[in-house]
Amino acid sequence: MRDVSATGIKRFSLATVRSILILAKDFSGFEEEVLAKREELLHFAQGAIGGLKVNVAIKRIDSEVSDIQKKLVELKNSENSVSSPAKSSQETTEPTEEKIKESMENFQLCSKLEALLLRKKLLNSGDSPEIYMLRR
């Protein structure tokens, strides 16, 4: 009787050890799967954050473009109101310091506007959030 129970215990022990080894193997695979899913989730979260940053950048560019357009309209209106037909031809042909400053300001605003619109075009043309974040 002792031999039967010793053999049974030995078989039970071996079966238990095999079951534990199978579970360990399964859990190790599960851990790799979880790590892979965690990695995928991390990439997804990074992409989402990058997308939000791109959207914020586009909104900021739109705001700056709007401000520049308003300034350009103001410059144009002030330029039109300053030039009047009553001035002599000599006064209108000679550039004054004020006119040069206005022209420079106008040129700078137009250059900045062009740069902003090109940056927005790059963002809208398919830059992935990852590429955008690398450029920043």
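**Figure 1. Overall view of the protein and its accessible surface.** The accessible surface of the protein comes to about 11400 Å², and carbon and sulfur atoms account for 61% of that area. The model shown here is a predicted one, and every value in these legends was computed from it. The protein contains 4 helices and 0 strands, so that its elements, read along the sequence, follow the pattern α-α-α-α. Of its 136 residues, 12% count as buried. When contacts between residues at least 6 apart in sequence are considered, 87% of them join residues that are at least 24 apart.

**Figure 2. The largest nonpolar core, with residues from helices H1 and H3.** This core is made up of 12 residues, namely Val54, Ala57, Ile58, Ile61, Val65, Ile68, Leu72, Leu75, Leu109, Leu113, Leu116 and Leu123. Helix H1, which runs over residues 2-82, and helix H3, which runs over residues 97-124, each supply at least two residues of the core. Of the contributing elements, H1 gives the most, with 8 residues. Leucine 75, a member of this core, is in contact with Glu105, Asn106 and Leu109 once its neighbours within four places in sequence are left aside.

**Figure 3. Helix H3 and its buried residues.** Helix H3 has 28 residues, and the distance from its first C-alpha to its last is 40 Å, which is close to the 40 Å expected at 1.5 Å a residue. The buried residues of this helix are Glu102, Leu109, Leu113, Leu116 and Leu123; among them, Leu109, Leu113, Leu116 and Leu123 also belong to the largest nonpolar core. As a general point, an α-helix has 3.6 residues a turn, so residues three or four places apart point the same way.

Figure 4. Lysine 120 is found in helix H3 and is partly exposed, with a relative accessible area of 22%. Leaving aside its neighbours within four places in sequence, this lysine is in contact with Ile58, Ile61 and Asp62. Although lysine 120 and isoleucine 61 are 59 residues apart along the chain, their C-alpha atoms are separated by 6.9 Å.

**Figure 5. A network of salt bridges linking Arg60, Glu64 and Lys112.** The structure holds 5 salt bridges, and Arg60, Glu64 and Lys112 are linked in a network of such pairs. In general, side chains of opposite charge can pair when their charged atoms come close. Arginine 60 forms a salt bridge with glutamate 64, and the closest N and O atoms of this pair are 2.4 Å apart. Because arginine 60 and glutamate 64 are 4 residues apart in helix H1, about one helical turn separates them. Glutamate 64 also meets lysine 112 in a salt bridge between their side chains, with a distance of 3.9 Å from N to O. Since glutamate 64 lies in helix H1 and lysine 112 in helix H3, this second pair ties together parts that are 48 residues apart in sequence.

Figure 6. Glutamate 97 and lysine 101 form a salt bridge whose closest N and O atoms are 3.5 Å apart. Both residues lie in helix H3, where they are 4 residues apart, about one turn of the helix. Glutamate 97 is exposed, with a relative accessible area of 58%, and lysine 101 likewise counts as exposed, at 54% relative accessibility. Both values lie over 50%, the cut-off for calling a residue exposed.

**Figure 7. A nonpolar patch on the surface.** Leu23, Phe27 and Phe30 form this patch, and together they have about 340 Å² of accessible area. One of these residues, phenylalanine 27, lies in helix H1. Phenylalanine 27 is classed as exposed because its relative accessible area of 54% is over the 50% cut-off.

Note on methods. Residues are numbered from 1 along each chain as its sequence is written. This is a predicted model: local features need pLDDT of at least 70, side-chain atom pairs count only at pLDDT 80 or more; totals for chains, interfaces and linings use all residues. Side-chain values use heavy atoms; hydrogens and water are left out. A nonpolar core is a set of buried Ala, Val, Leu, Ile, Met, Phe, Trp, Tyr and Cys residues joined through side-chain atoms within 4.5 Å. Buried means under 20% relative accessible area, exposed over 50%, partly exposed in between (1.4 Å probe, protein chains only). Contact means heavy atoms within 4.5 Å. The expected span of a helix is 1.5 Å times one less than its number of residues. Accessible areas come from the Shrake-Rupley method with a 1.4 Å probe; for residues, only the protein chains shown count as cover. Patches are made of residues with over 30% relative accessible area and no salt bridge: like charges are joined within 9 Å, nonpolar side chains (Val, Leu, Ile, Met, Phe, Trp, Tyr) within 5 Å. A salt bridge is a side-chain nitrogen of Lys or Arg within 4 Å of a carboxyl oxygen of Asp or Glu.
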